[in-house]
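Let me jot down what I look up as I go.

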Amino acid sequence: MSIKFSLAFCFFVIAGCSSSTNDSSSEKTSEDDYENGKYCAEVTYYNPNTGTKKTYTLNVEVENRELTRIYWPNGGWLDDSHFNPPNIANDGTCSFSSDKGYDYQVSITGRECSFTSQNVVTEGEDEPRKFTLTIEQCASTMKMTEEELSEYETTFTVSRTDIISEEMCRLMFEYLQKHRELTGRRNSLTNLMENGYIQKRYSTGSEDNIRCQTVIVKRKGHFYLMEVQGTRATTMGLMDFNPSIEEWQEVKILEDPANPVWNVFIMRIINESSEMSILGHQMEAFCN
């Protein structure tokens, strides 16, 4: 039998107070009270392969007078995809075997539990697992880097030695996915900007009929003054060109990274410098 979790982490939470019941949860419901919903129950688990037999106080789900789900205290559950739902007898009892041959006896004791057993043995285990998952252990399962883990600690003001729930580990996983996605986009944009980004543009004439047009492009820390051929105005944005070509060449400009449509222009390199201010004076003088 497999136990469904929101992530594929088999962690079992120590939750609640004790396995004894209180007055409100131990009151027997009458035979007419088993409507659809959650109930508190004593669940006895038996593993015939090892002889392990344990009894726990857990919440169970009833639908149409049948037992359809047993809830583990860590947020997981065993449901009717792994056993045939048994009918609830008038005294609130039922029994069934899971798809792996483990036996369960269930006795409903009252309405939904305000607490459940502290430790739960899963099918095939002989001893209960104790909850010892830390942020660092959760980070290790998703191959979080040291830099990512340190950033997570700082962002959420937590320590890697803090013990967390499975739900918290799942949220960490979602955070990491989004963080890596954003980081990937940021790095991609940074790389594109390194390959060319228009710093300044200058033109004479009107926007509809440009007589002369120049741009200054920064590429890998170096600046290039370029003449633009034609009467069409360029935009600011990312620029892709070959700095080793001195003749006219096709140049692509991306105005908005969120809208990946590159516009093509014909340009040529006029001059280059490590100082943008030097080219700034030349770009106006070139067109005048």
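Predicted model: local features only at pLDDT ≥ 70, side-chain atom pairs only at ≥ 80, totals over all residues.

Surface and overall make-up. Of its 288 residues, 40% count as buried. I found 5 helices and 12 strands. I also checked contacts between residues at least 6 apart in sequence, and 56% of them join residues at least 24 apart.

Strands around S6. Which strands does S6 pair with? I got S1 (residues 37-47), which runs antiparallel to S6 (residues 103-111) and is joined to it by 8 bridges. In that pairing I see Glu42 opposite Ser107 of S6. I also got S5 (residues 93-97), antiparallel to S6 and linked to it by 5 bridges. Here Ser95 sits opposite Gln105 of S6. I noted that S5 and S6 make a hairpin with 5 residues between them. In the turn, Gly101 has a positive phi of about 85°.

Asn59. I placed this one in strand S2 (residues 52-63). Is Asn59 buried or exposed? Its relative accessible area is 10%, so I'm writing it down as buried, since the cut-off is under 20%. What does its side chain reach? I found the backbone nitrogen of Cys113, at 2.7 Å. Leaving out residues up to four places away in sequence, I list Tyr39, Cys40, Ile70, Tyr71, Glu112, Cys113 and Thr116 as what Asn59 touches.

Technical notes. Residues numbered from 1 in each chain as written. Heavy atoms only, no water. Helix = DSSP H or I, 4+ residues; strand = E, 2+ residues; numbered from the N terminus. Buried < 20%, exposed > 50% of the residue type's maximum accessible area, 1.4 Å probe, protein only. Contact = heavy atoms within 4.5 Å. Pairing = 2+ DSSP bridges. Polar contact = N/O pair within 3.5 Å; in protein donor to acceptor, adjacent residues only side chain to side chain.
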